[in-house]
Amino acid sequence: MQEYVIEMNNIRKEFPGIVANDNITLQVKKGEIHALLGENGAGKSTLMNVLFGLYQPEKGEIKVKGKEVKITDPNVANRLGIGMVHQHFMLVHNFTVTENIILGSEPTKGGKINIEDAAKKVSELSQRYGLSVDPHAKIEDISVGMQQRVEILKTLYRGAEILIFDEPTAVLTPQEIKELIQIMEKLVQEGKSIILITHKLKEIMEVCDRCTVIRKGKGIGTVNVSETNPDELAALMVGREVHFKVEKQQATPKDVVLEIDQLVVHDARDIPSVNGLDLNVRAGEILGIAGVDGNGQTELIEGITGLRKVKSGSIKINGKDVTNLPARKITETGLGHIPQDRHKHGLVLDYSIGANMVLQTYYQKPFSKSGILNYGKIYEKARKLIEEYDVRTPSEFTPARALSGGNQQKAIIAREVDRSPDLLIAAQPTRGLDVGAIEFIHSKLIEERDNGKAVLLISFELEEVMNVSDRIAVIYEGRIVDIVDPKETSEQELGLLMAGGKREREGVL
Amino acid sequence: MQNLLKNERLFNILVPVISAILGMLAGAIIMVLGNYDPVAGFEALFSGMFGTPKAIGETIRAASPLILSGLAVGFAFKTGLFNIGVEGQLLVGWLASVWVGYAFELPAVLHVTLSILAAAVAGGLWGMIPGYLKAKFKVHEVIVTIMLNYVALYVTADLIKRYLYAGNEKSYRIHESASLSSPFLSQITEGSRLHWGIMIALIAAVIMWFILEKTATGYELKSVGYNQHASMYAGMNVSKNVILSMTISGAFAGMAGAMEGLGTFQNMTVLSSFTGTGFDGIAVALLGANNAFGIILSSLLFGGLNTAAPQMNFDANVPSELIKIIIALIIFFVASGYIIRVIAARFSKEGK
């Protein structure tokens, strides 16, 4: 038997003006979980799109099971047994699981779709790999984790032997991640091979056998995971030493900046999502909110920032009541907001990066005078921020859409922090970013804290909350159920609180 | 990356130009298939467009309302709205301009200005209705504007019959003081109906460009068009901007009506069907890539084609309906600009 199921040798892929892949070699053994590690924009996705037939390489060869192949489109890839589980699911929401899986290769009997046979096959596959997916459930009714399993089933149904997972854990809760890891292990046991695209070192250490690192489009090398450690991997990926442990001084909290009292906010279905929440954040501290997604975090942020009407209760910033004021008024009171979804809320992607830098201040001097914009001043400001925050962009005129995720996020942070708001809300500020960018963003948040600002951090990554916060408030079903000191708590304890459990008080009989 | 941006800009200019040429070529092929002489046909067509001073004058005259209705479509489109109601806004603007032009007696410059403003206000209000309905009740502007076109058609006809009827399906004529027509312009173009409206249209084009590119309001309008969520996040009032955009768009359309009322016809006809100018505005904006300058150029092309159609029929015996086919084909090619992009990209790659 040949050693490798997939060999991509010396792949080179160019786009106008840049070399996305420069002489990269990736060899995947049968039955292994192989990590493809690299920063945002390092060229991981390009390489996988080459393997999946979406791009044609300029140079290099691809071998599947030892035979040289030319993958001209995704159908060829499918026939060769290569399946891709996309990061952004490609599912029809009002179709059932089975309907989604057979989409594009519907089995027919006398001109009619034979849905029953398909459902049976889906359910068999689901059982065999421990996916526990209901073939008749509608996509819109099942959780994100379940939807991802449908994507996995889709590739298995089409006979995939090699599965590519594109950052599969980015959208999952910790529990779902655990389950996904089990599924991946099961798949490998059954003889499948997996390529895992990720920049999360913890996952690589946990599940992967080998790891290929690419940096700025170049292949850095392949290492056995058992012979390496996170520090080495991070250094390989970024090209320098990376500090995982956030270094910070003890916080010196001062006056209360944000004061939330008995807040009630309803969600889009008019159900109370934030339900009688009390919270204070002081100047000079980072308050982290830990909680499972969907416990009112989004509505809490939208309530504070004026994007959603507050039903009852009050919100004060620096003692000033801002409850239900227009978003602009609240922003002017001294609020900075790094939004959870940078594409939806954070940026106007079709505007240049320069125009995005003044998204809240374009109508103020010096950017605007009697209603006429001063683009000279706007771009001058943008150039300054781009330089100061190391936003990698060809110029301030480049559309925000053209930047990588990490640089888009840096641009948002530059804009929000530069306004020097008394209260900075950071919602999932490092979502989907690589270690280099995460390190930068964390240090900025701490810098703001040290400048005497109040920082409210909302994150689904426990590690982040524990590392960066000075106090952790646990949110559960729209209420703060407990506030703990990150130095005196553990992931286990937080996990328990997040699930609605009670803390066992030490020293109490 | 810089290269890519430059290419992008080049494409934006190339696609309409290539489309116009392809549309004409396809028109020539159709002439051949219909047993007409394409050489004679195009000779007559071009001479009808700009062969004589009079032809040039007529081309520019026809372009004036087209520019304004193209600006109306383009302005709305740049702010994320699809104004199909330019035709209706044009009709109410036309009526308003004729009414002010007929009912008041004022000094010349003031009267013209007031009549044009009346047209802009009427069109603006007519555009504001779908804007308001969209902002407050999330009713899609395409549905409302289409329906308001019919309302405008029949209401203007009814109002003329009731209050302004001069007989023979026409309204009273406007006073000389409200007229845009110019013996001077007519004379230098050897008897065309060219009037001062083209100046209004060019000024309006500059205004559109200025609002969108230079003002804080334009920044907001475009931002709301690109991404409502981010605009809300940034503290902009999305509803206000939707209403404002439709109002400004309607005002441009209303002024297009004034071109007809104060310029070409000096009155308004009791119409039983649409003028088509408002719908041509969609084609004009599409070919002009929603850019103020591009809209001027594409209006001149479409205006010229329309005015030259009878001459092509007369001189070369080619049916004037062929012009409609050519215009439709140009739009078809612009809309398939994606294909042109792909082909051009392939060529430029191989040319390397």
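The crossing of H2(B) and H13(B) is right-handed, a crossing being right-handed if the near helix is turned clockwise from the far one by less than a right angle, and left-handed if anticlockwise. The structure is a predicted model, in which local features need pLDDT of at least 70 and side-chain atom pairs count only at pLDDT 80 or more, whereas totals for chains, interfaces and linings use all residues. Residues are numbered from 1 along each chain as its sequence is written, chains are lettered from A and ligands numbered from 1 in the order in which they are written, and side-chain values use heavy atoms, with hydrogens and water left out.

Two packed helices are described by the angle between their axes and the distance between the axes. In chain B, helix H2 (residues 38-50) packs against helix H13 (residues 292-316) at an angle of about 130°, and their axes are 7 Å apart; axes are lines fitted to C-alpha atoms, for helices over the stretch in contact, with angles running from 0 to 180 degrees between N-to-C directions. Helices (H or I, at least four residues) and strands (E, at least two) are DSSP runs, numbered from the N terminus. H2(B) and H13(B) are therefore oblique to each other, given that angles under 35 degrees count as roughly parallel, over 145 as roughly antiparallel, 65 to 115 as roughly perpendicular and the rest as oblique. Contact (heavy atoms within 4.5 Å) involves, among others, Ala40(B), Gly41(B) and Ala44(B) of H2(B) and Leu301(B), Gly304(B) and Leu305(B) of H13(B). By class, this contact of H2(B) with H13(B) has nine nonpolar, six polar and one charged residues, where Ala, Val, Leu, Ile, Met, Phe, Trp, Tyr, Cys and Pro count as nonpolar, Asp, Glu, Lys and Arg as charged, and the others, Gly among them, as polar.

Helix H13 of chain B also holds Phe302(B), which is buried at a relative accessible area of 2%; buried means under 20% relative accessible area, exposed over 50% and partly exposed in between (1.4 Å probe, protein chains only). Not counting residues up to four places away in sequence, Phe302(B) touches Leu66(B), Ala283(B), Val284(B), Leu287(B), Ile327(B), Ile330(B) and Ile331(B). The C-alpha atoms of Phe302(B) and Ala283(B), 19 residues apart along the chain, are separated by 8.9 Å.

Over all chains, the count of disulfides, defined as pairs of cysteine sulfur atoms within 2.5 Å, comes to zero. The sulfur of Cys208(A) lies 6.8 Å from the closest cysteine sulfur, in Cys211(A), which is too far for a bond. Cys208(A) is buried, with a relative accessible area of 7%, and Cys211(A) likewise counts as buried, at 0%.

Backbone features were examined in chain A. The peptide bond from Lys365(A) to Pro366(A) is cis, with omega near 0°, and Pro366(A) is found in the loop between helix H12 (353-356) and strand S19 (368-369). Asn318(A), although not a glycine, has a positive phi of about 50°; Asn318(A) lies in the loop between strand S16 (310-317) and strand S17 (320-321) and is partly exposed at 41% relative accessibility. Ser370(A), a residue other than glycine, has a positive phi near 40°, lies in the loop between S19 and strand S20 (372-373), and counts as exposed at 75% relative accessibility.
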